[in-house]
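Subject: Handing over the structure, with notes

Dear colleague,

I am passing on to you the structure that I have been reading through, and I would be glad if you looked at it before turning to my notes.

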There are 2 protein chains.
Amino acid sequence: MSPPAFGFELLATDGAARRGRVTTAHGVIDTPAFMPVGTAATVKGMTLEEIEATGAQIILGNTYHLMLRPGAERIARLGGLHDFMNWQKPILTDSGGYQVMSLSDLRKIDEDGVTFRSHLDGERLALTPERAVEIQHLLDADISMVLDECTPFPASEEVAAESMRRSLRWAARCRTAFQARPGYGLFGIVQGGVYPALRRESAAALIEIGFEGYAVGGLAVGEGQEVMFQVLDDTLPALPQDRPRYLMGVGKPADILGAVMRGIDMFDCVLPTRSGRTGQAFTRRGPLNIRNARHQEDTRPLDPECPCPTCAHHSRAYIHHLFRADEMLGPILLTRHNLHYYQEVMAELRAAIEGGNLNDYAAKFAEEQERGDWGIG
Amino acid sequence: MSPPAFGFELLATDGAARRGRVTTAHGVIDTPAFMPVGTAATVKGMTLEEIEATGAQIILGNTYHLMLRPGAERIARLGGLHDFMNWQKPILTDSGGYQVMSLSDLRKIDEDGVTFRSHLDGERLALTPERAVEIQHLLDADISMVLDECTPFPASEEVAAESMRRSLRWAARCRTAFQARPGYGLFGIVQGGVYPALRRESAAALIEIGFEGYAVGGLAVGEGQEVMFQVLDDTLPALPQDRPRYLMGVGKPADILGAVMRGIDMFDCVLPTRSGRTGQAFTRRGPLNIRNARHQEDTRPLDPECPCPTCAHHSRAYIHHLFRADEMLGPILLTRHNLHYYQEVMAELRAAIEGGNLNDYAAKFAEEQERGDWGIG
C-alpha cells in the first residue's frame with residue numbers, strides 16, 4: 001500500500017471559517033487543529049498516552065532544540081522523530097530560525113543563512129535554508145517549514161520589505177532542497193509585518209513557488225490581537241482555498257477563535273503547556289491562577305464543565321497544594337487540563353463550522369469567558 | 001453496611017515467609033506488599049491513574065510534611081487524605097518523628113515529645129504521641145504509626161535501651177490516644193538497635209500494650225544488609241503470627257526479598273521514586289543508570305522482560321535524551337517503570353509463597369540480578 005499523498009480537503013465553510021482535513025504520511029488532521037508544542041521530543045510533562053487522550057492529532061517539534069540535542073542525525077539513526085518519541089501521528093517541525101534568533105548566542109545572519117553558537121555548549125553551527133530542510137527530513141517531519149528571517153517588531157516598511165524578500169529567496173531555496181515524498185509537505189511562510197501590500201506580495205510570491213500549505217508568520221510578537229486580526233484580514237484572501245493555512249505561535253483561546261473565523265486552519269502555541277507549568281489554567285470562564293489563596297479549600301474542579309481526567313479526579317484545593325509544595329504533579333495535572341481544554345475548543349469550533357453556527361458559538365464563547373469564575377469572586 | 005474490621009488473614013506460608021491479606025476501611029492489601037511513598041499527598045510525578053496501574057494497593061503519606069503543608073486540620077476539612085488526593089485505597093501514615101529529626105530545625109526532644117521549627121517557614125511546633133495520633137486521625141489514615149524516638153546508629157546498648165524504653169512509653173500513650181474505629185489500625189514499632197535482647201524486650205512490651213500490627217524500626221540506617229537480616233532473625237520470632245509486620249524504609253529489591261523470606265509482610269521505601277527522578281532504573285538484571293552514554297542509541301527498553309507502559313513504549317535512547325535535556329518526562333517514565341517493577345516483584349513473591357517455591361524464586365532472582373544487563377557491558 002503506497003502512502004497517501006499530502007493533501008487538504010475542504011469539508012465545510014461558515015463565513016470565512018473552514019472545516020477541513022489534512023492528510024499526511026502519518027495520518028489525518030481534522031482542522032481547525034491545535035498542535036501541542038513538543039519542543040525537545042516531548043510535550044513537557046505529558047506521557048504519550050496523555051497527549052493521545054487529549055485528542056491531539058498532530059504535535060510540533062522544534063528543529064533548533066532537536067538539532068542541538070540529541071541531534072538530527074542521531075534521531076534519523078533511531079528511526080526518525082516518530083519512532084524516537086513513539087508518537088506515530090503527524091508531526092510538524094519549525095525551521096529552527098525563530099529559536100536560533102531568540103535562544104542562541106553570537107548569531108550572524110546573511111544571505112546564505114544564520115551562523116550561531118549553541119546555547120547548550122557553545123558549538124559553532126550554521127543553519128541555511130538547505131540545512132533546515134535537511135534536518136526536518138532527518139527528523140521525518142510530515143510537515144516541514146521553510147527557513148525564514150524573523151522580522152523584528154516593530155519594523156519600518158522598508159526593513160519589513162527587505163526581510164520579507166530575503167525570506168522569499170530562502171523559501172525558493174527550501175523548495176528546491178525539499179525532497180518530495182508521498183504524504184510529506186513543505187509550508188511557505190507569509191511575512192511582511194503589519195503592511196498589507198507586503199503581505200500580499202509575500203503571499204503571491206510564495207504561491208508562485210508553490211507549497212503544500214501556507215503559514216502566516218511574524219505575528220504574536222507584541223502587536224496585539226486587533227493588529228493581528230487586521231493582518232489576517234489583509235492576508236488570507238490572497239491564499240489559495242485548497243491548501244491548509246497555519247498561524248504560527250498563536251495563541252489564547254480567543255485569538256484562535258478569531259483567527260478561525262478569518263479562515264485559519266492550524267495553530268501551535270506554548271500557552272497551554274507553559275501556563276500549565278506556572279499555575280495558569282484555561283477554562284470556559286477565562287483563565288485562573290491556581291496558586292491564588294482563594295483556591296486553598298475549594299473542592300471544585302478547575303472547570304466544572306470539563307470532562308478531562310484532571311477535572312474528573314482532582315479539586316482546586318489539591319492542585320493549589322501541589323503548586324505550593326512545588327510538586328511535579330501540579331504542572332502535570334494543569335498541563336493535562338489545558339491541553340484537553342484547547343482540544344475541546346477546537347472540536348467545538350469544527351462542530352460549529354459544520355453546523356453553520358460559528359457566530360452563535362463565538363458569542364456564547366465570549367459571553368462565558370467574560371462571565372468569570374463559577375459563582376465566586 | 002458497616003465498614004470491615006481491621007484484620008490480618010494468613011493465607012499461606014513458605015518457611016518463615018507469609019502470604020497474607022490486611023483488611024482496612026478502604027480495602028484490602030495483599031501481602032507481602034510494597035507501599036509507594038506519597039510524601040506530600042502525591043507519589044512524586046505520578047498521576048493517580050498511573051499509581052493504580054502499577055498494582056499498588058496502599059500508599060504511604062508523611063505526617064511531618066502534611067502537618068506543615070497543607071496542614072492536618074485543612075486536610076480534615078477537605079474530607080481527609082483519601083479525598084484530598086483522591087486515592088480511595090488504603091493509606092498508611094508515619095508518625096512524623098523520623099522526618100522531624102531529619103528535616104526540621106532546632107528540634108528538642110524530651111519525655112513529652114519533640115519541639116521543632118518547620119523547615120518551611122520556621123514556625124515553632126510540637127509533636128507529642130497524642131498529637132501524632134491526632135494528626136493521623138485527621139488525615140484519616142487506615143494505618144497509623146506510633147510516635148517513636150529514632151535511635152541513632154551506631155548506638156551503645158545503653159543508649160539504645162534508653163531510647164527504646166522511651167519509645168515504649170510513647171507507644172502506650174499513642175495506644176490510649178488512638179480512637180478505635182472499624183477498619184482503622186495503629187501499629188507499634190519495635191526498636192532496640194542491633195541488640196537482640198532489647199529487640200525482644202521491645203516486642204514483648206508492645207505486644208503487652210497490643211497493636212493491630214507491628215513494625216520493625218531503626219533499620220536501613222547504614223547498618224548494612226547482613227546486620228539488618230540478623231536483627232530480623234532475632235526479632236520476628238517474638239512477633240505474633242496473626243498481625244501484619246512492617247519493615248520501615250526498606251529497601252532495595254534484594255533487601256525486600258530477604259526480609260520476606262524472614263517473615264515481613266509490608267514495606268515502604270523512597271528508592272523506586274527517588275531513583276526514578278535521578279536516573280536509576282531497577283530491572284531484573286540489576287540497576288542501570290540511564291544517564292550513562294552507553295544508552296544514547298540503545299533502542300531497547302529499560303527491561304526487555306518488563307510489561308510496564310514505559311518499557312512497552314519507550315527506548316533507553318529516548319529516556320536517556322529526556323534526562324540529558326532535563327525534561328520532566330524522564331523522571332516520570334523512570335518512576336513509573338520502577339514502581340511497576342517493585343509491584344511485579346511483590347506479585348512474584350506472593351505467587352512463590354503460595355506455590356511453596358520461594359527458595360527457587362530467590363535463587364533465580366539472585367542469579368538474574370547478578371547476570372547483569374542483557375547482552376551488553
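What follows is an account of what was found, taken topic by topic.

Please keep in mind throughout that this is a predicted model.

I begin with the way the two chains are related. Chain B is superposed on chain A by a rotation of 180° with 0.0 Å of shift along the axis, and the RMSD of that superposition is 0.0 Å. This is the relation of a two-fold axis. The same surface serves both copies, since 100% of the contact residues of chain B recur in chain A. If you wish to find the axis from the side of chain B, the residue to look for is B:Met328, which comes closest to the rotation axis of the residues of that chain, with its C-alpha at 4.0 Å.

The contact between the chains takes 31 residues from chain B and 32 residues from chain A. On the side of chain B that touches chain A, the elements giving two or more residues are helices H1 (48-54), H3 (72-77), H4 (81-85), H12 (309-313), H13 (316-324) and H14 of chain B. Of these, H13(B) gives the most, with 5 residues. By kind, the residues on this side of chain B divide into 15 nonpolar, 8 polar and 8 charged.

H14(B), one of the elements in that contact, deserves a separate look. This helix covers residues 329-355 of chain B, which makes 27 residues, and reaches 38 Å from its first C-alpha to its last, close to the 39 Å expected at 1.5 Å a residue. Because 21 of its 27 residues are buried, H14(B) is largely enclosed by the rest of the structure. The helix is followed by B:Gly356, whose phi is positive, near 70°.

Just after H15(A) comes A:Gly372, which takes a positive phi of about 85°.

Next, the domains of chain A. The domain assignment gives domain 1 (7-269) and domain 2 (276-371), and the C-alpha centres of these two domains of chain A lie 27 Å apart. Their contact takes 24 residues from domain 1 of chain A and 22 residues from domain 2 of chain A. On the side of domain 1 that touches domain 2, two or more residues come from each of strands S1 (7-14), S2 (17-24) and S4 (33-35) and helices H1 (48-54) and H10 (253-261) of chain A. H10(A) gives the most to this side of domain 1, with 6 residues. The residues on this side of domain 1 of chain A divide into 14 nonpolar, 5 polar and 5 charged.

Leaving aside neighbours within four places in sequence, the residues in contact with B:Phe187 include B:Ile143, B:Met145, B:Val146, B:Phe211 and B:Tyr246.

Some details of the backbone are also worth checking on screen. A cis peptide bond, with omega about 0°, joins A:Thr31 and A:Pro32, and A:Pro32 lies in the loop between strand S3 (27-31) and S4 of chain A. In chain B, the peptide bond from B:Val250 to B:Gly251 is cis as well, with omega near 5°, and B:Gly251 is placed in the loop between strand S13 (245-247) and helix H10 (253-261) of chain B.

A:Ala220, a residue other than glycine, has a positive phi near 55°. A:Ala220 sits in the loop between strand S12 (213-216) and helix H9 (225-235) of chain A, and counts as buried because 20 C-beta neighbours lie inside 10 Å. For B:Ala220, too, phi is positive and near 55°.

Finally, A:Lys108 is found in strand S7 (residues 105-109) of chain A, and counts as exposed, with 9 C-beta neighbours inside 10 Å. The C-alpha atoms of A:Lys108 and A:Ala126, which are 18 residues apart along the chain, are separated by 9.4 Å.

With kind regards

Terms used:
Residues numbered from 1 in each chain as written. Chains lettered and ligands numbered in written order. Predicted model: local features only at pLDDT ≥ 70, side-chain atom pairs only at ≥ 80, totals over all residues. Helix = DSSP H or I, 4+ residues; strand = E, 2+ residues; numbered from the N terminus. Expected span 1.5 Å × (residues − 1). Buried ≥ 20, exposed ≤ 12 C-beta atoms within 10 Å, placed from the backbone. Least-squares fit on C-alpha atoms with pLDDT ≥ 70 in both. Contact = placed C-beta atoms within 7 Å. Nonpolar A, V, L, I, M, F, W, Y, C, P; charged D, E, K, R; others polar. Domains from an automatic or database assignment.
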